[in-house]
Amino acid sequence: MATVRPIRSIDPYAEQFWAYTLNKELRFQKCTDCGKFRWPPGPTCDQCLSDAFEWATVTGKGKVLSWTTFRRSYFKEYPVPHTVIVLELDEGPLFVSYPVDIDVANLREGMVLSVRWTDGEDKYGAYNLPVFGPSPA
Amino acid sequence: MEEVFDRKRLAPLKDTVAIVGVGETDYGADYRGADGKAARKGEARYDSYTLASRALKRALDDAGLKKDDIDGLCTGPTLSSERACELWGMNPRWSGSGDAAQCIIEATMAINCGLCHTVALVYGNAQRSMDTAYGGARVTGGGITSYFYYAPWGMTSQGALYALFFQRHKLLYGTTEEQLGAIAVAFRKHACLNPKAVMYGRPITIDDYMNAKYVAEPLRLFDYCLINDGGVAIIVRRADMAKDLKQTPIMVSGIGWSEENVDATQLRPRLKDFYHTAHHGVAAQVYPMAGVTPKNVDVFATYDSFSVHLLASLEGFGFCQEGEGGAFVQNGRIEIGGELPCNTSGGMLSESYMQSWNHQPELVRQLRGGLGARQVQGAEVAQYVHDVAGKCKSIIYTKGG
């Protein structure tokens, strides 16, 4: 059984995002009219209101913008301390995740991290969770 | 910045409406309860309509008006306009809703349109009794908002979003946690001059602040607002009808509104801009309309669900340079008696978490005068900044003649 995590917010667009994670693919909607990458998933491009899009793969690399370490527990699935990061992905979107294989003390502003995968499950089913660790040298 | 609002239409609204009455519940007494201890969350001692009704009665008494003098109604969270009207026996000719600043702007517009002349703005929130959650599993689901969308990664709560904001500020500008602590200490000092405040009689020092537990690091307990029950009401009236009432009318001299929502769930406006684009948009309206600059502001209040809000608004509205908020708030500058007294009631950190509503009565009373040790001497211009997740508004109040 996969690791049970706090529940995802699911709609038809998010469902597709998570379906790709079963193959460890990180894909975002990209507007086929203006090219803007969209996150979170949704029905329309906020830049041009087009509803035409493709699920484009991304490099899976991003720069660290900020982080916070939970000292008070909010989720039984995440014992404290638990650190969350925000990255700016190469393709534009900012992405909230958590760091792996790196001590919080070693996080730096602008540091490049790369996507890794870890398993997850909730009432909607199994999926893989994109998390981020040091980029291969 | 290109001006997309109509300065010529906005300018004549200056001083066309006045705040003639304010009222609120007994925050501290209600919080402490009969045994002197804080009521437990979920104890359900109050409901929102009880609190709102009490505040409304007090605001009307403060103004010397009767409920039948009211012909417009704005309701804030958590009230339903329909139920509120029924409860108070009102058939308004106009109604609105929103946060306090939004309701003041809406009321200003409605009165100037001739739809009504005297508007009651009423808020009631029994959030402690109801055990309202602002983070964790109970707020998960039901839409897309950054404070629960990232629950699968263990990310939740409004506080953690402001922790990310402050961490980014630290990284870019070298702001320190001790610098941030000056905000919570100052607001608590103000609350200790305010017998109605929940934290009246409970001063803290910077050492207390630094020794407090982190909740979402780098934010500590005292960076977080209270969770308490309360109600607030504000009576807004056409200025020419405000002259011969019980109180000195306090004029609405400037209003401004600008939002920054693009990529909000991604946290882009929060982390890449600190919401400054919205601040600048509001500043371009509110200061010229009121005919003042930040240098003229005698008393200032900002939405403060977290201490961090003050850094953002001081920098965004030009009280200091971007990145210098941490240094600005030191050495008593934001305390009563300092250069720019901020959140003089104790704010939402230490007076009462009324989600912007408690700040308005405080600014009105500062301009009326007579607050004793809490009084900002010679206060003539007061500014409120509402800076909540990119939905920014501001009101400038001045003393009427």
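**Exercise 1. The sheet of chain B**

Task: For this predicted model, determine in which order the strands of the open sheet of chain B are arranged and which strands stand at its edges.

Solution. 
Step 1. The open sheet of chain B consists of nine strands, and the order is β3-β2-β4-β7-β1-β8-β11-β10-β9. The pairing within this sheet is mixed.
Step 2. Residues 94-97 (β3) and 299-302 (β9) of chain B form the edge strands; each has a single partner strand, so one side of each is left without a neighbour in the sheet.
Step 3. On average, and with direction ignored, neighbouring strands of the sheet are turned by 25° against each other.
Step 4. For one pair in detail, take β2 (residues 72-75) and β4 (residues 118-125) of chain B, which pair in the parallel sense over four bridges. In this region Thr75(B) stands opposite Val122(B) of β4(B).

**Exercise 2. Helices across the strands**

Task: State which strands of chain B helices α3 and α12 lie across, and at what angles the helices run.

Solution. 
Step 1. Helix α3 of chain B (residues 48-63) lies across β1 (17-24), β4 and β7 (230-238). Its direction makes about 130° with β1(B).
Step 2. Helix α12 of chain B (residues 276-290) lies across β8 (250-259), β10 (381-388) and β11 (391-399). Relative to β8(B), helix α12 runs at about 155°.

**Exercise 3. The interface and its cavities**

Task: Describe the contact between chains A and B, then identify the residues that line the two cavities.

Solution. 
Step 1. The contact involves 36 residues of chain B and 40 residues of chain A.
Step 2. The size of an interface is often given as the accessible area lost when the parts come together. Here the two chains bury about 3,300 Å² between them, and 63% of that area is on carbon and sulfur atoms.
Step 3. Of the area that chain B buries against chain A, 24% comes from Pro152(B), Trp153(B) and Gln266(B), more than from any other three residues.
Step 4. With a cut-off of 30 Å³ or more, the count is two cavities.
Step 5. The largest cavity has a volume of about 40 Å³. Its lining comprises Phe70(A), Arg72(A), Ser73(A), Tyr74(A), Phe75(A), Tyr78(A), Val80(A), His82(A) and Gly154(B). By class, these are five nonpolar, three polar and one charged.
Step 6. The second largest cavity holds about 30 Å³. Arg8(A), Ser9(A), Trp18(A), Tyr149(B), Pro152(B) and Trp153(B) line this cavity, and they divide into four nonpolar, one polar and one charged.

**Exercise 4. A pocket of chain B**

Task: Give the volume of the second largest pocket and classify its lining.

Solution. 
Step 1. The volume is about 180 Å³.
Step 2. The lining residues are Pro294(B), Lys295(B), Val297(B), Gly318(B), Phe319(B), Phe328(B), Glu339(B) and Leu340(B).
Step 3. Five of the lining residues are nonpolar, one is polar and two are charged.

**Exercise 5. Backbone exceptions**

Task: Locate the cis peptide bonds at Pro81(A) and Pro218(B) and the positive phi at Gln355(B).

Solution. 
Step 1. Most residues other than glycine have a negative phi, and most peptide bonds are trans.
Step 2. Val80(A) and Pro81(A) are joined by a cis bond with omega about -5°. Pro81(A) belongs to the loop between β4 (61-70) and β5 (82-89) of chain A.
Step 3. The bond between Glu217(B) and Pro218(B) is also cis, with omega about 15°. Pro218(B) is in the loop between β5 (214-217) and β6 (219-220) of chain B.
Step 4. Gln355(B) has a phi near 50° and sits in the loop between α15 (347-350) and α16 (359-368) of chain B.

Notes: Residues numbered from 1 in each chain as written. Chains lettered and ligands numbered in written order. Predicted model: local features only at pLDDT ≥ 70, side-chain atom pairs only at ≥ 80, totals over all residues. Heavy atoms only, no water. 1 Å grid on protein atoms, 1.4 Å probe; cavity = no way out; pocket = protein on both sides within 12 Å on 5 of 7 lines; lining within 4 Å. Points joined across faces, edges and corners; volume = space filled by probe spheres on them. Nonpolar A, V, L, I, M, F, W, Y, C, P; charged D, E, K, R; others polar. Pairing = 2+ DSSP bridges. Helix = DSSP H or I, 4+ residues; strand = E, 2+ residues; numbered from the N terminus. Axes fitted to C-alpha atoms, helices over the stretch in contact; angles between N-to-C directions. Contact = heavy atoms within 4.5 Å. Buried area = accessible area lost by both parts, 1.4 Å probe.
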